[in-house]
Amino acid sequence: MEPFKEARADVITEFIEAAIHSILYVRGVYPAAIFKPRRKYGTTVHMCCHADINQYIIKSLKTVHSLLLEVRDNGLLIRGSLEKVEIPLMSKNSIIEVFQFILKFPDISAIKNDTYLLEVEESLRSALLKISISDVLCKPRLQELSDHTQLDSPPFTILVHTEKSKAANLTHQQEEEGFPWIQVNPQEYDHTSVFQPPTRNPMKLTPIKSISNEMLQMEVQLATKEKE
Amino acid sequence: MAFDWEDHKSYMTVKRQKLQDQLEDVEGDGKIFSGVTIYVNGYTKPDADTLKEIICKHGGGYSYALTSRVSHVIATNLPTAKIKALSINSSKVCHPDWILDSVNAGSLLPTEKYELYSVSSKSQRKISFSPTAKKEAGPEDPPTKKDRSFVDEFYSHSRLHHLSTWASELKEFTSKNLPRAKRKFSMLSSGESLRRFGVKGVVHLDLDSFFVSVGLRDRPGLHGQPVAVTHARNKEGEADTTEVVGVSLHQSMSDVASCSYEARDFGIRNGMSVGEAINLCPSLTFIPYEFEKYHAVSQTLYETVITYSHLVEPVSCDEVFIEFSDYVTSWEELGDIVKSLRSEIEEKTGCKVSAGFSHNLLLARLATRKAKPNGQFHLSEEEVEGYLKETPVASLPGIGRKMKEELSKMGVSNCGELREVSLPKLREVFGPKTGYTLYCFARGIDNRDLTTKKERKSISVEINYGMRFEQISEAESLLTQLSEELQSRALDTGVLGSSISLKLKIRQKTAPQETKKYLGHGRCDNISRSQQLHIPTNDSGDISRVAISLLKQLSPNPSDIRGMGIALNKLSSSVKGSPVKGGKMADIRTLMTSSPGKRSPASKRSLGSVLKSERGGEEGASVSVMREERVEYQNTAAGDGCTSFESAMLDLPPASQLDQSVLLALPSDLQEEVFDSYSKRQDKERVTLEPVSTEPSLANPLFPPSLSSLSNGNPERFLNETRTHIKAWVALYPAGPKERDSTIFIQFLISLIDLNALEIVSLSLKCFHRVVQSITNEKWREAYARVVAVIQDEVLMRYNGHLSIPP
């Protein structure tokens, strides 16, 4: 039970890390020069080499990992303690695109058929590949993003959707490690939240990949603004 | 004589003839037994040979085997298994003395005294739907009555039916009469009322053991004695004898509908079986139902109540919520009002009333528990906590058997323990909404307001009693009857429904054929299926057609059906009084959208199906009238191209028109399905007069490929299958898709959204778009647009976004 959870947390965190790097590269958030090709799941992923960016990603994902360990298995396909990880890409203080990783967890306490995680790896590889070509799915590259001098907001962030109680815990613990989490202003991010009533500015959704296997159900999708 | 026996049959024919000839050799002198053929089973006295001689002498027949010619079986002793076998033939099993005595008397004696077992009384009775049984009904019966007898009879006896129809009647009554009713006292100016203190004054009135106390009004001798109301026969012989013949009360499975407080002291509870109850209290007296009286009493109750307050919520025929906030200033005053209300009701109806009152609905209801019998109780705010602690969770509204079990697993049996459970925990187990409600209820918090006017969500008829079919046609004819009942109810309430669902109770595989409760439904699986309509309807013809086609889709084994119900959902209001046929409303649209050339084959086809559906139903003159009316309607509806509910078989294109290449492209299970449909149709063709069908339609929908292959981790194959289906679907209907198939496709896509497989939804729709674009047909484009609109709405609701697919 516990080792399985840990393995699952490891696998998902690892994937999201690779995916974030891939997104940053594909969408041209940072200049291509700071990326170096690496191999992951038998495919090429361009990884960012800037230490501060990497620190931000790693520390954020540490939290994701800890949340994944707390996912309960209570006989249902639940939206557990970690529901969604979102990577909004911003330009001139407003969000242009959001990459979403929506997670659900099948009710099993261990892998039964796929002992060597071959299927899991296969599906993660295909998801990564899809992300690496996702620039054809959305608008032309975000040229202005590369011009960092104009930016007065970070070009990307990592949003984690979790339960209220977990969020409260989180702020408490992480402050000690010097990496605080803050609750986002719903006004600013409202169109990315599932809980908001579908009112103004519905996003245009482009599903990138749906994964469903013994370990997890994940939907990777790209949300863009419907009207500019 | 050398014979070449071609087969067994001819051998038997000759043999039987020979035996018959032998018998005729025995010259008879009397005709006592003319028309009687006996078969002797087992040891008898006198023996079989003697009996044979006697019976042939007196003009009867003798059979060596149990054939259909046999009218009487002669035996002295038979095991049950054999009786069952014999009962198939419906021949009587008689003692040999019957023959001897008949001969002595010189005439054919009635068999009653000699019957070993009367087949009909011993095993469970069947309700007959077959035409022969109808003919046996007396000639003075009006013909409509004959056809509807079962449903009518059922509804005139069913207790639940009465109660439920009254509840809706009473609700209507109160909402109609409330504004008009004269009030006993004037409303206080709002500043003075209880509301000033921020509380509501809610009273919950409940008649004490309603059925019993009404029954006791006319039976003063039974006061103070244990009494129960039930269908079962009373020991004094007073009551209903339609049921339980030859079964002693001790084994009776009839329910105790209501019992007096004296009976409750013996441990008898409502809903207990009569057998159980009588074991607990041998002196228990049973009285029958008296529905008219109950009705009158609850009418009086409500008439009285509405003179007291303008806020009244009827709960059932003997239960009502009243709010007094605007009339009284203190709880003492309210107590006095309740007292006078109770005495007025008791005076008018002769029934005792209990009342609980408090500051919200929940507490008022719970207070009534303590008020009973014949008392009143005010649950004040200070007492709430202590009172709730002792209250078992089961008495909270909305907690049934399942939830109670769930709670007891958590170690919770009363509200005090329920308070200990945290809100997140409750939400986790029972879902966010129910969890929160429980959390509040445990603390005596209830913010609900009295609902004086309730809107109906659905309207339904259901019968779960006495259902024993042999033929599927019997089930269909019952559905027709139920549809009529449903139509009349829809007319009474003035609504139209745009969705029809069929509910079936199917005997569980392990459940016994004969149920413990007499003609009950026993353990069952509930299955249901519904069909969306394009045009709202309340016409019984429409309803029954849909219901029957749904029944065909579910194709249950007729002998396993234990209950059937039809519900009309998604209601909209209509003019009361006359049924609105879907077809009539479609008329204008039909004229606008369809060319006259297209309509003739469609109407021809529906003629064929109408002829078929009328078969075995009404006979003679009524058929022709019905037929014309139906055909006219079909003409308009079928021409519209979207309301075709005929049996799927009739919609199949002729086999010759089937594109073989498409068929071969289908996965093997689908191919089988297609072949299966065709072979079924061939069977049908023999009975159908004219299965004209020019318009192809999807027999069994191509969708969905089973969703399990998706979760088994092969999304690519799944996607490819889906694409194949879409292509085949479009190729099969060059003229445009059937509404039904589009609906199925939409449902399929929605179930994919449920599974979070948004990618596949989007790719499937893109494929659909491509295929539709490649052909030039407006109908398909419209269908695509419709599907996309629905899916986009669905996605918007869940993800707050639209899929990026071509509109």
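The buried residues of H2(A) are A:Ile53, A:Asn54, A:Ile57, A:Ser60, A:Leu61, A:Thr63, A:Val64, A:Leu67 and A:Leu68. Here buried means under 20% relative accessible area, exposed means over 50%, and partly exposed lies in between (1.4 Å probe, protein chains only). Helix H2 covers residues 51-69 of chain A, which makes 19 residues. From its first C-alpha to its last, H2(A) reaches 27 Å, close to the 27 Å expected at 1.5 Å a residue; the expected span is 1.5 Å times one less than the number of residues.

This is a predicted model, in which local features need pLDDT of at least 70 and side-chain atom pairs count only at pLDDT 80 or more, while totals for chains, interfaces and linings use all residues. Residues are numbered from 1 along each chain as its sequence is written, chains are lettered from A and ligands numbered from 1 in the order in which they are written, and side-chain values use heavy atoms, with hydrogens and water left out.

**Chain A as a whole**

Chain A contains six helices and seven strands. Helices (H or I, at least four residues) and strands (E, at least two) are DSSP runs, numbered from the N terminus. Read from the N terminus on, the elements of chain A follow the order α-β-β-α-β-β-α-α-β-α-α-β-β. Of the 228 residues of chain A, 50% count as buried. Among contacts in chain A between residues at least 6 apart in sequence, 73% join residues at least 24 apart, where contact means heavy atoms within 4.5 Å.

**Helix pairs in chain B**

Two packed helices are described by the angle between their axes and the distance between the axes. Axes are lines fitted to C-alpha atoms, for helices over the stretch in contact, and angles run from 0 to 180 degrees between N-to-C directions.

| Helix pair | Angle | Axis distance |
|---|---|---|
| H29(B) (739-754) and H30(B) (758-774) | about 150° | 8 Å |
| H9(B) and H12(B) (291-305) | roughly 105° | within 10 Å |

H9(B) is therefore roughly perpendicular to H12(B), whereas H29(B) and H30(B) are roughly antiparallel to each other. Angles under 35 degrees count as roughly parallel, over 145 as roughly antiparallel, 65 to 115 as roughly perpendicular and the rest as oblique.

On the H29(B) side, the contact with H30(B) is made by B:Phe745, B:Leu749, B:Leu752 and B:Ile753. The partners in H30(B) include B:Leu758, B:Val761 and B:Phe768. The contact residues of this pair divide into nine nonpolar, one polar and no charged. In H9(B), B:Phe210, B:Phe211, B:Val214 and B:Arg217 meet B:Lys293, B:Tyr294, B:Val297 and B:Ser298 of H12(B). That contact divides into five nonpolar, one polar and two charged residues. Ala, Val, Leu, Ile, Met, Phe, Trp, Tyr, Cys and Pro count as nonpolar, Asp, Glu, Lys and Arg as charged, and the others, Gly among them, as polar.

**Residues with a positive phi**

Most residues other than glycine have a negative phi. A:Tyr41, although not a glycine, has a positive phi of about 50°. A:Tyr41 is placed in the loop between strand E1 (35-40) and strand E2 (43-48) of chain A, and its relative accessibility of 11% counts as buried. B:Ser209 likewise has a positive phi, near 30°. B:Ser209 lies in the loop between strand E6 (202-207) and helix H9 (210-217) of chain B, and is buried at a relative accessible area of 9%.
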